[in-house]
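Work through the exercises below with the sequence and the model open side by side. Try each task before reading its solution.

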Amino acid sequence: MRIADLLAFNLKLIERQRLRSAMLLAAIAISVMAINLLTGIGEGGKQFVLGEFNLLGKNVLIMLPGKKETTGGIPPLTGETTRDLTLRDAQAIARLANVSAVAPLIAGKMEISHHKLSREAFTIGSNRAFFAIRQLEVAQGKALPLLPFEQGQAVCVIGSKLRKELFGPKPALGQWLRAGDSRFRVIGILKDKGEGLGFDMNEAIIVPVANAQALFNQAGLFRVFIELRSLDGLQQSQQRILALLKERHEGEEDVTIITQDSLLSAFENILNTLTLAVAGIAGISMLVAGILIMNVSLIAVSQRTREIGLLKALGCPARTVALIFLSEASIMALSGALLGILISELLLATARGLYPTIPFTTPFWAQLGSALIATVTALLFAAIPARKAANMAPVDALLDKKAGQA
Amino acid sequence: MIELQQLCRSFQIGDQCVHALDHIDLHIERGEYLSVMGPSGSGKSTLLNMLGLLDTPSGGEYRLNQTATSQLNEEARATLRREHIGFVFQSYHLIPRLTARENIELPLILAGIAPKQRKPIIDRVITRLALTDRAAHVPSQLSGGQRQRVAIGRAIVMKPELLLADEPTGNLDSVSGREVIELLEELNDEGITLLVVTHDQAIGVRAKRELKMIDGRIASDSARPAITPQLAP
Ligand SMILES: Nc1ncnc2c1ncn2[C@@H]1O[C@H](COP(=O)(O)OP(=O)(O)OP(=O)(O)O)[C@@H](O)[C@H]1O
Ligand SMILES: [Mg+2]
């Protein structure tokens, strides 16, 4: 039997038994979708985390207010403590020997307007060092000026997307923006880094940290980035910084220092657990889909026993009969898998629309893998009924006799 | 062409052994036209299935064109069926989702013949059976006689030497039954070996050679009237 004819034969079959085909298609699609959605979410989370911290070099430490128990787990990204991390703390750290630069950080959303145009933007209060540490480049104008931490200045650097939205084609450099009660002159525009991971710098506005304190009416820092001169003695430097903070905070160790390594390894645990969960759920849904496929194939064999008998009477060899059933199963599996991938892509795209900062995407290997697993499962589970059909004696199949005889 | 030697087929039903075919000897020449009659349960269908290689004997030998078939595997038997034998069944056995044309085409498809070569063959068969304006209809849209004509078309599309018909008129009224029989006889005139199982005396006597079966034996054979006097009723 030629492949094109086999396909045509099976398509007519699938088309005629719409309900059965739809059920089977749904089962396979759902199991493939489960794999793709879960890996998509897992990957999104992973990329989000990596993106958030990967921009930092290995020699950058992040300090957060609040103390985590050092038994592993996720560091408190938000930070909860009664004692603020202050600009003076940051200054004190900057004076330590192995510290080359310190960038304090305050961040939040703020309504930014220019004339009649306004929009909510991610507002960051920091300093010149922040640009180097986050590897931000200025396309036009210049970065924030070098100022003492506690001195403000009514200037800002804005992301390229924000510039476009507020100024359109008109020049932005030297123009004034309003943020809350304050006004800032635009002195620089960030280079477009494409759709960024973590916070999207293209939509951000950066002002001196002292101005941000006033804007948000908040003295405490959200984070402090600390750049070390060298990676040697990273441990000791970390200890010295902690000791310094403890001394400054009346003997209480109420800050957390994160290195890129510790962060990644902490997340790796979570990610590994997630991967296991994905594998488990995917396995279960594949099994369910497989059993469904087997049942449907078995039903098909008994419904079509007379047809099998006819095919055999017409001289169709057993292997072709098996092929007809197996190929029907694989057509279903492949289209189900495709459908599943399509739906999961749609859902992930919707999720990306809702949470633009998290890059939900299913890696290619997961799409390929899920399609492959679905097809293999379908074939495996269809093989048993197909063999049963193929090995039936022609006369029994033709007369649809259930009982065997001597 | 066909040579049966002491052919047996028995079925075990409970602890009872039914001899559906009881040591049958039969010789059929190419181009013969036989009818098989006999009471219900006498083994007519079993004989026909045996000749069609749909069933395997419990004993004896069946030679088709000098090939001993009892030792063949199912694969080789399928090939013989495909190339040499056509079947017509009482209940048509058409595939309901396929049109008349597609049903007739099926053996060619299964044999792996290319669409270009299939087309003229099917066209010829459809014209021959006067099914041209019914070719695109599915079986449920056809009358019984038309369905049986489609089934005959399917049986002859591979140009078999042997055509086996098990009560081909059983589900038809007398007019369409006669048409179907005349069609089969035309095919026989063109050289095909024809064997018809029937309950209808009027149809049975049309054959050039009449077999009568009783209890799994050939009770009478019009070609050899003297052979089985002890079994005459
Ligand atoms: N698959 C089977 N299992 C058990 N017994 C069978 C089977 N097929 C046929 N038989 C028995 O073999 C005998 C012959 O059956 P067969 O179908 O050949 O009769 P038949 O002459 O064609 O009858 P009918 O005119 O009713 O079609 C019967 O006794 C029947 O019960
Ligand atoms: Mg019968």
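How many salt bridges does the rule find across the interface of chain A and chain B? The rule asks for a side-chain nitrogen of Lys or Arg within 4 Å of a carboxyl oxygen of Asp or Glu. It finds four across this interface.

Some conventions first. This is a predicted model, in which local features need pLDDT of at least 70 and side-chain atom pairs count only at pLDDT 80 or more, while totals for chains, interfaces and linings use all residues; side-chain values use heavy atoms, with hydrogens and water left out. Residues are numbered from 1 along each chain as its sequence is written, and chains are lettered from A and ligands numbered from 1 in the order in which they are written.

**Exercise 1. Describe the interface of chain A and chain B.**

Step 1: take one bridge. Asp5(A) and Arg118(B) join their side chains in a salt bridge, with 2.7 Å from N to O.

Step 2: list the elements of chain A. Helices and strands here are DSSP runs, numbered from the N terminus (helices H or I, at least four residues; strands E, at least two). Those that give two or more residues to the side of chain A that touches chain B are α1 (3-16), α9 (305-313), α10 (318-354) and α12 (394-399) of chain A. With six residues, α9(A) gives the most.

Step 3: sort that side by class. It has 14 nonpolar, two polar and nine charged residues. Nonpolar covers Ala, Val, Leu, Ile, Met, Phe, Trp, Tyr, Cys and Pro; charged covers Asp, Glu, Lys and Arg; the others, Gly among them, are polar.

Step 4: count residues and area. Contact means heavy atoms within 4.5 Å. Chain A brings 25 residues to it and chain B brings 31 residues. The two chains bury about 2600 Å² between them, with 61% of it on carbon and sulfur atoms. Buried area is the accessible area (1.4 Å probe) that two parts lose on being put together, summed over both.

**Exercise 2. Explain why α6(A) counts as largely enclosed by the rest of the structure.**

Step 1: count. Seven of the eight residues of α6(A) are buried, so the helix is largely enclosed.

Step 2: name them. They are Val209(A), Ala210(A), Asn211(A), Ala212(A), Gln213(A), Leu215(A) and Phe216(A).

Step 3: find the partners. These buried residues pack against elements of chain A, including α3, β2 and β3 (117-126).

Step 4: look from α3(A) (residues 87-94). Its buried residues are Leu87(A), Asp89(A), Ala90(A), Ala92(A) and Ile93(A). They pack against several elements, among them α6 (209-216) and α7 (234-248) of chain A.

**Exercise 3. Is Asn217(A) buried or exposed?**

Step 1: locate it. Asn217(A) lies in the loop between α6 and β9 of chain A, just after α6(A).

Step 2: check the backbone. Phi of Asn217(A) is positive, about 50 degrees, although the residue is not a glycine.

Step 3: check cover. Asn217(A) is exposed, because its relative accessible area is 71%.

Step 4: turn to Leu53(B). Its phi is also positive, near 60 degrees, in a residue other than glycine. Leu53(B) sits in the loop between α1 (44-51) and β4 (59-64) of chain B. Leu53(B) counts as buried, at 1% relative accessibility.

**Exercise 4. Which residues does Ile293(A) contact, leaving aside neighbours within four places in sequence?**

Step 1: Ile293(A) belongs to helix α8 (residues 260-303) of chain A. Its relative accessible area is 3%, so Ile293(A) is buried.

Step 2: its contacts are Leu24(A), Ile28(A), Ala378(A) and Ala382(A).

Step 3: Ala378(A) is 85 residues away along the chain, with 6.2 Å between the C-alpha atoms of the pair.

How values were computed. Buried means under 20% relative accessible area, exposed over 50%, partly exposed in between (1.4 Å probe, protein chains only).
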